Amino acid sequence: MIRGVEKASMGGIVNISDETCLGCGACVEICPQHILYIDNNKDTAAVTDHGRCDRMKGCEMVCPVGAI
Ligand code: SF4
């Protein structure tokens, strides 16, 4: 499983492990681009728009379990 924020042509690609994510919402809170949310069907974090990711990697830094 690829995790973390990768560079893409127009922004970033945010890789989240559904198996590891706790659904705590820490990444959702810190994302300045507001592109993360908790998917209520899976109770895990999900991404609305990879192209708006600024690749600052705050989500990676705050995730307590390394799911991003
Ligand atoms: S911070 Fe990590 S564990 Fe918490 S919702 Fe985001 S990806 Fe899941």
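The chain contains two helices and four strands. Read from the N terminus, the order of these elements is β-β-α-β-β-α. Confidence is summarised by a mean pLDDT of 90 for the chain. A value of 70 or more is reached by 88% of the residues. Among the elements, α1 has the highest mean pLDDT, at 98. Strand β1, residues 4-7, has the lowest, at 72. Where pLDDT is low, predicted coordinates should not be read in detail.

The chain has 68 residues, and 24% of them count as buried. Contacts between residues with a separation of 6 or more were examined by sequence distance. Of these, 57% join residues 24 or more positions apart.

The largest nonpolar core is made of 15 residues. Six of them have the most contacts inside this core: V14, I16, C27, L36, C59 and I68. The surroundings of C59 show how separate parts of the sequence meet there. With residues up to four places away in sequence left out, C59 touches V5, V14, C27, I30, C31, L36 and I68. Among these partners, V14, C27, L36 and I68 are also listed with C59 as the residues with the most contacts inside the core.

A ligand is surrounded by 15 residues. The closest are C21, C24, A26, C27 and C63. Two elements, α1 (26-30) and β4 (44-47), each supply at least two residues of the ligand shell. By residue class, the shell consists of twelve nonpolar and three polar residues. No charged residue belongs to the shell.

Strands β3 and β4 pair in the antiparallel sense, over four bridges. Together they form a hairpin, with four residues between the two strands. D39 has T44 of β4 as its bridge partner. D43 lies in the loop between β3 (36-39) and β4. Its phi is near 60 degrees, a positive value in a residue other than glycine. D43 counts as exposed because 11 C-beta neighbours lie inside 10 Å, and the limit for an exposed residue is 12 or fewer.

The loop between β4 and α2 holds two further residues of note. One is R55. The phi of R55 is near 65 degrees, which is again positive in a residue other than glycine. R55 is partly exposed, because 14 other C-beta atoms lie within 10 Å.

D49 is exposed, because 12 other C-beta atoms lie within 10 Å. D49 and I13 are 36 residues apart along the chain. Their C-alpha atoms are separated by 9.0 Å.

Terms used
Residues are numbered from 1 along each chain as its sequence is written. This is a predicted model: local features need pLDDT of at least 70, side-chain atom pairs count only at pLDDT 80 or more; totals for chains, interfaces and linings use all residues. A residue is near a molecule or strand if its C-beta atom, placed from the backbone, lies within 6 Å of it. Ala, Val, Leu, Ile, Met, Phe, Trp, Tyr, Cys and Pro count as nonpolar, Asp, Glu, Lys and Arg as charged, and the others, Gly among them, as polar. A nonpolar core is a set of buried Ala, Val, Leu, Ile, Met, Phe, Trp, Tyr and Cys residues joined through C-beta atoms within 7 Å. A residue is buried if 20 or more other C-beta atoms lie within 10 Å of its own, exposed if 12 or fewer, and partly exposed in between; C-beta atoms are placed from the backbone. Two residues are in contact if their C-beta atoms, placed from the backbone, lie within 7 Å. pLDDT is the predictor's confidence in each residue, from 0 to 100. Two strands pair if DSSP finds at least two bridges between them.
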